[in-house]
Amino acid sequence: MEISRQQHFAICHRDGPMLVLAGPGSGKTFTITQRIRHMIKEYHIPPEHILVITFSKASASEMQERFYELMEHHFQPVSFGTFHAIFFQILKNAYHYQNSDIISEKEKIQYMTEIIQTYPEEILDENMVPHLLSDISRMKNEGTGVENYRVLYLPENLYADIYRAYSKRLKQEGKIDFEDMVLLCRDLLRENSECLERWRQIYRYILIDEFQDINEAQFEVVKMLTGDRQNLFAVGDDDQAIYGFRGAKPEI
């Protein structure tokens, strides 16, 4: 594949932040994998200090496979993963979480249904379960406190009561959800400077694909990890932003 002037500029960028706007068919995967190769081969950056984040397991696997093909399948310990996978790795190291501690969708529905059943039917019914779980997810993704979050289908303060009951149930069962992974990781790095510095030393260069899908909490963690180096290479296209309902903020 012929490399354009813009792609060459992105591939050869070394230190500091770079934002790359890449629409459909512009060769962004090619550019990202070529950049990783260039960092290792030309700038002699140890591959174990490079972190590549995507928004789905499938995308992470595809990116990893494309990179290994480019490197002729010679193993390079570059880290590829989703936000949740990377953040969970940090939490596992600090708190010894296991995969079994992650709540399933079935469990989430069960817990919320049992909470709703403690209220009179004229106030709450089980049809509200998916709406409540969706709102809790959005609220956490946006980093909004429960006291500042409003829903139109419940009386004032009732949503907050339900959320607190749900959070208490998760704690009792020793479970965390995907949004908790981000928030717990954020709080850990905020409060534990030694832990933060350890991960900053490991992930010295961070590359993020589909950057338009990032939310406030995820971005806060990324900023902490990049620190003063600010070695963040972000690729995205705000015209492809479709996850506003999950708290994504392409304006970031």
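A residue is called buried when its relative accessible area is under 20%, exposed when that area is over 50%, and partly exposed in between, with a 1.4 Å probe and protein chains only. The model is predicted, so that local features need pLDDT of at least 70 and side-chain atom pairs count only at pLDDT 80 or more, while totals for chains, interfaces and linings use all residues. Residues are numbered from 1 along each chain as its sequence is written, and side-chain values use heavy atoms, with hydrogens and water left out.

Five of them form an open sheet in the order β1-β5-β4-β2-β3, with parallel pairing, where strands (E, at least two residues) and helices (H or I, at least four) are DSSP runs numbered from the N terminus, and two strands pair if DSSP finds at least two bridges between them. At the edges stand β1 (18-21) and β3 (79-82), each of which pairs on one side only, and from one strand to the next the twist averages 15°. Within this sheet, β2 (residues 50-54) and β4 (residues 205-208) run parallel and are joined by four bridges; L51 has I206 in β4 as its bridge partner.

Across β2 and β3 lies helix α3 (residues 57-70), which runs at about 160° to β3; here axes are lines fitted to C-alpha atoms, for helices over the stretch in contact (heavy atoms within 4.5 Å), and angles run from 0 to 180 degrees between N-to-C directions.

The aromatic side chains come next. Rings of Phe, Tyr and Trp (its six-membered ring) pair if their centres lie within 6.5 Å, and planes under 30 degrees apart count as stacked, over 60 as edge-to-face and the rest as tilted. In the whole structure, a search finds nine aromatic pairs. F67 and Y68 form a tilted one, with 5.9 Å from centre to centre and 45° between the planes. F67 counts as buried because its relative accessibility is 0%, and Y68 is likewise buried, with a relative accessible area of 15%. Ring pairs also link F55, F83 and F87 into a cluster.

The charged end of R35 sits over the ring of F233, 4.4 Å from its centre, and R198 lies over the face of W199, at 4.9 Å from the ring centre.

Finally, E173 belongs to helix α7 (residues 158-173) and counts as partly exposed, because its relative accessibility is 39%. E173 and I103 are 70 residues apart in sequence, and their C-alpha atoms are 9.3 Å apart in space.

How values were computed. A charge sits over a ring if NZ of Lys or CZ of Arg is within 6 Å of the ring centre and within 35 degrees of the ring normal.
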